[in-house]
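This briefing concerns a predicted model. It covers a pair of strands and their connection, then aromatic contacts, then charged groups placed over rings.

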Amino acid sequence: MAGKTMLAVQYSGYGGGAAALKHVEVPLPSPKKDEVLLKLEAASINPVDWKIQKGAMRPFLPPKFPFIPVSDVAGEVSDVGSAVKDFKAGDKVVSFLSLKNGGGLAEYAVASSSLTAHRPPEVSAADGSGLPIAACTALQALKSGGVKFDGTEKPLNVLITAASGGVGLYAVQLAKLIGGIHVTATCGARNIELVNSLGADEVLDYKSSEGAKLKSPSGKKYDAVVHCTVGIDWSTFEPNLSDNGKVIDITPSPITFVNSAIKKLTFAKKKIVPMFSAPNKEDMEFLAGLVKEGKLKTVVDSTYPLSKAEEAWAKSIDGHATGKIVVEI
């Protein structure tokens with residue numbers, strides 16, 4: 001495919017938001033020996049994508065400019081590297097391109113075969129594109145909080161904050177797959193019905209007095225909290241936790257790490273645990289299987305063509321999406 005070009009969307013420096021995204025024509029990438037070349041069908045935007053553009057991980061990310069952002073994609077294998085045995089041209093897949101490499105806002109991208117999972121025909125590209133970061137984060141956060149997903153569960157009370165966001169909507173559904181788990185969720189008033197419909201036992205408007213205090217209407221203390229938002233102090237969580245309750249913070253701030261260290265040093269039973277998602281093939285295949293079986297669904301807020309990727313970017317930055325924002329390619 002040497003000499004061929006593709007359409008892509010990139011930015012050339014830190015800052016600038018949606019206005020800094022430029023539509024360009026660039027050379028088609030070639031897969032290395034352990035990579036696959038994907039003809040992309042959908043890419044989903046995560047907050048981390050525009051946070052990198054803002055400079056949140058400077059100077060490490062992006063590794064160089066110009067940079068084609070977005071790491072969560074679904075598509076079809078177009079070509080494979082010489083060492084790839086698990087995939088062939090024509091296979092439908094879900095892939096995590098990595099935050100370092102990006103490449104999702106384009107017609108083609110190269111992906112590591114070890115971060116690529118087969119996508120059953122029942123799973124659409126839009127549904128699959130939500131799985132790598134958002135659904136894997138939800139799954140891993142629940143596991144960190146003590147949910148085992150192996151049939152050896154004990155009853156647990158779980159709180160999910162910002163339950164109508166990309167991670168939260170998956171977390172509610174995944175928790176309710178397990179018998180004996182009681183889910184309390186917080187979200188904005190307009191999304192209470194949706195979060196209820198996905199299985200949450202109790203849903204609090206985060207702007208109400210109970211919601212602000214995170215108090216369970218049934219008086220339950222939380223064994224685990226999947227914390228998907230920011231700006232809530234430990235002092236708000238602490239009285240609502242069971243004796244060994246854990247807060248799993250998926251967007252940890254410096255104060256999270258300080259509090260976590262203090263809890264360890266003082267042998268506190270109640271803990272706050274900073275967590276960074278690590279999408280992997282095994283989790284993506286497990287999640288894609290649940291989508292195939294109708295046990296898990298990707299709630300899509302909105303879809304945009306690649307030609308309007310900057311509108312999708314702006315919508316994500318705005319912060320009020322219900323579920324995933326998907327660019328269809």
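**Strand pairing and crossover**

- Strands S14 (residues 300-305) and S15 (residues 324-328) run parallel and are joined by five bridges.
- Tyrosine 304 has valine 327 in S15 as its bridge partner.
- Between S14 and S15 the chain passes through helix H10 (residues 309-318), and this β-α-β crossover is right-handed.

**Aromatic pairs**

- The count of aromatic pairs comes to four.
- Tyrosine 11 and phenylalanine 65 form a tilted pair, at 6.2 Å centre to centre with 55° between the planes.
- This pair links distant parts of the chain, 54 residues apart: tyrosine 11 belongs to the loop between strand S1 (5-10) and strand S2 (22-27), and phenylalanine 65 to the loop between helix H1 (47-54) and strand S4 (72-80).
- Tyrosine 11 counts as buried because its relative accessibility is 1%, whereas phenylalanine 65 is partly exposed, with a relative accessible area of 32%.
- Tyrosine 14 and phenylalanine 65 have ring centres 5.1 Å apart and planes at 90°, so their pair is edge-to-face.
- Here too distant parts of the chain are linked, 51 residues apart, with tyrosine 14 in the loop between S1 and S2 and phenylalanine 65 in the loop between H1 and S4.
- Tyrosine 14 is partly exposed, at a relative accessible area of 28%.
- One aromatic cluster is formed by Tyr11, Tyr14, Phe65 and Phe67.

**Charges over rings**

- Arginine 58 lies over the face of tyrosine 14, at 4.1 Å from the ring centre.
- Lysine 51 places its charged end over the ring of tryptophan 50, 5.9 Å from the centre of that ring.

How values were computed
Residues numbered from 1 in each chain as written. Predicted model: local features only at pLDDT ≥ 70, side-chain atom pairs only at ≥ 80, totals over all residues. Heavy atoms only, no water. Pairing = 2+ DSSP bridges. Helix = DSSP H or I, 4+ residues; strand = E, 2+ residues; numbered from the N terminus. Right-handed = clockwise from strand over helix to strand, strands pointing away. Phe/Tyr/Trp six-rings, centres within 6.5 Å; stacked < 30°, edge-to-face > 60°. Buried < 20%, exposed > 50% of the residue type's maximum accessible area, 1.4 Å probe, protein only. Lys NZ or Arg CZ within 6 Å of the ring centre and 35° of its normal.
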